[in-house]
Amino acid sequence: MPVFLLLASYLSLMLLTAAAPLVSRAGVLELTVTDESGEPVPCRVLVRPRGGDCVVPAGATELAIGPDRWFVSSGRSAIAVPDGKALLRIERGLEFRRIKQDVEVAGTTPRTVTLQRWINIKRRGYRCEIGRASCRERV
């Protein structure tokens with residue numbers, strides 16, 4: 001009987017050792033989103049680890065769109081993400097190009113993303129203010 005217990009203990013140890021790499025380590029994505037001037041800007045962010053659900057930092061304002069969970073960022077965010085690949089999406093209004101990219105998270109991973117305008121409404125002579133439904137009024 002003791003040989004059986006020894007063999008069972010050995011097999012249990014082998015299974016636990018083999019399964020250890022399957023457990024994801026926790027990482028942190030330190031995200032900074034800037035405009036072309038280099039200043040942090042508010043935006044909407046989605047982070048989805050490969051094969052997992054969207055993650056939202058504690059205390060952030062969450063925005064559910066269908067199955068996705070976005071959050072509002074001030075331009076600087078620290079997001080707890082399992083190590084590995086994650087999908088990163090960033091949006092800021094209609095004037096800016098949307099960002100969709102994979103990021104590799106390993107431990108603490110700093111990432112700076114610069115949003116680029118595809119059009120500048122103000123330079124074209126339109127006045128656009130927060131809370132207005134359109135930008136039709138020319139200055």
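**View 1. Salt bridge between Arg48 and Asp68**. The structure holds seven salt bridges (a side-chain nitrogen of Lys or Arg within 4 Å of a carboxyl oxygen of Asp or Glu). In this pair, the closest N and O atoms are 2.2 Å apart. Arg48 belongs to strand 2 (residues 43-49) and Asp68 to strand 4 (residues 68-73), so the contact ties together parts 20 residues apart in sequence. Strands (E, at least two residues) are DSSP runs, numbered from the N terminus. Asp68 is buried, at 15% relative accessible area, while Arg48 is partly exposed, at 26%. Buried means under 20% relative accessible area, exposed over 50%, and partly exposed in between (1.4 Å probe, protein chains only).

**View 2. Salt bridge between Arg50 and Asp102**. The closest N and O atoms of this pair lie 3.4 Å apart. Arg50 sits in the loop between strand 2 and strand 3 (62-65), and Asp102 in strand 7 (residues 99-105), 52 residues apart. Arg50 is exposed, with a relative accessibility of 58%; Asp102 is partly exposed, with 41%.

**View 3. Network of salt bridges linking Arg44, Arg89, Glu91 and Arg98**. One of its pairs is Arg98 with Glu91, at 3.7 Å from N to O. Glu91 is buried, with a relative accessible area of 8%, whereas Arg98 is exposed, with 60%.

**Notes.** Residues are numbered from 1 along each chain as its sequence is written, and side-chain values use heavy atoms, leaving out hydrogens and water. In this predicted model, local features need pLDDT of at least 70 and side-chain atom pairs count only at pLDDT 80 or more, while totals for chains, interfaces and linings use all residues.

Key:
Helix = DSSP H or I, 4+ residues; strand = E, 2+ residues; numbered from the N terminus.
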